[in-house]
Amino acid sequence: MNKNTVLAWATWIMIIVGLGLIALGAFKYREVAGYGFAAVGVGFFAIAWVFNALKGRV
């Protein structure tokens with residue numbers, strides 16, 4: 001596996017975890033904690049976007 005493959009896998013894993021956290025915030029925790037889960041999920045999307053942008057540059 002080269003660096004681009006590792007970044008691609010990391011991007012997909014972070015997207016899946018981000019979706020899971022947003023789903024937890026939306027469906028399981030309806031109180032204030034749900035907003036925290038959703039915010040962390042959006043943060044995972046932002047980091048996955050950075051990993052995707054780094055492919056081919058590292």
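The legends below describe close-up views of a predicted model.

**View 1. Helix α1 and its buried residues.** Helix α1, which covers residues 3-28, has 26 residues and reaches 36 Å from its first C-alpha to its last, a span close to the 38 Å expected at 1.5 Å a residue. Its buried residues are Leu-7, Thr-11, Met-14, Gly-18, Leu-21 and Gly-25, and what covers them includes helix α2. In an α-helix there are 3.6 residues a turn, so residues three or four places apart point the same way.

**View 2. Helix α2 and the glycine that follows.** Helix α2 is formed by residues 32-54, and these 23 residues reach 34 Å from the first C-alpha to the last, close to the 33 Å expected at 1.5 Å a residue. Within α2, Gly-34, Gly-41 and Ala-48 are buried, and the cover over the buried residues of this helix includes α1. After α2 comes Gly-56, whose phi is positive, near 90°.

View 3. When residues up to four places away in sequence are not counted, Thr-11 touches Ala-48, Phe-51 and Asn-52.

**View 4. The aromatic pair of Tyr-29 and Phe-37.** A search of the whole structure finds one aromatic pair. This pair is formed by Tyr-29 and Phe-37, whose rings are stacked, with 4.9 Å centre to centre and 0° between the planes. Tyr-29 has a relative accessible area of 29% and is therefore partly exposed, while Phe-37 also counts as partly exposed because its relative accessibility is 26%; both values fall in the class between the 20% limit for buried and the 50% limit for exposed.

**View 5. A nonpolar patch on the surface.** Met-1, Val-6, Trp-9, Ile-13 and Val-17 together make a nonpolar surface patch of about 560 Å². One of these residues, Met-1, is placed in the segment before α1, and its relative accessible area of 79% is the reason why this methionine is classed as exposed, a term that applies over 50%.

Definitions and conventions
Residues numbered from 1 in each chain as written. Predicted model: local features only at pLDDT ≥ 70, side-chain atom pairs only at ≥ 80, totals over all residues. Heavy atoms only, no water. Helix = DSSP H or I, 4+ residues; strand = E, 2+ residues; numbered from the N terminus. Expected span 1.5 Å × (residues − 1). Buried < 20%, exposed > 50% of the residue type's maximum accessible area, 1.4 Å probe, protein only. Contact = heavy atoms within 4.5 Å. Patch = residues over 30% accessible without salt bridge, like charges linked within 9 Å, V, L, I, M, F, W, Y side chains within 5 Å. Areas by Shrake-Rupley, 256 points an atom, 1.4 Å probe, with all protein chains shown as cover. Salt bridge = Lys/Arg side-chain N within 4 Å of Asp/Glu carboxyl O. Phe/Tyr/Trp six-rings, centres within 6.5 Å; stacked < 30°, edge-to-face > 60°.
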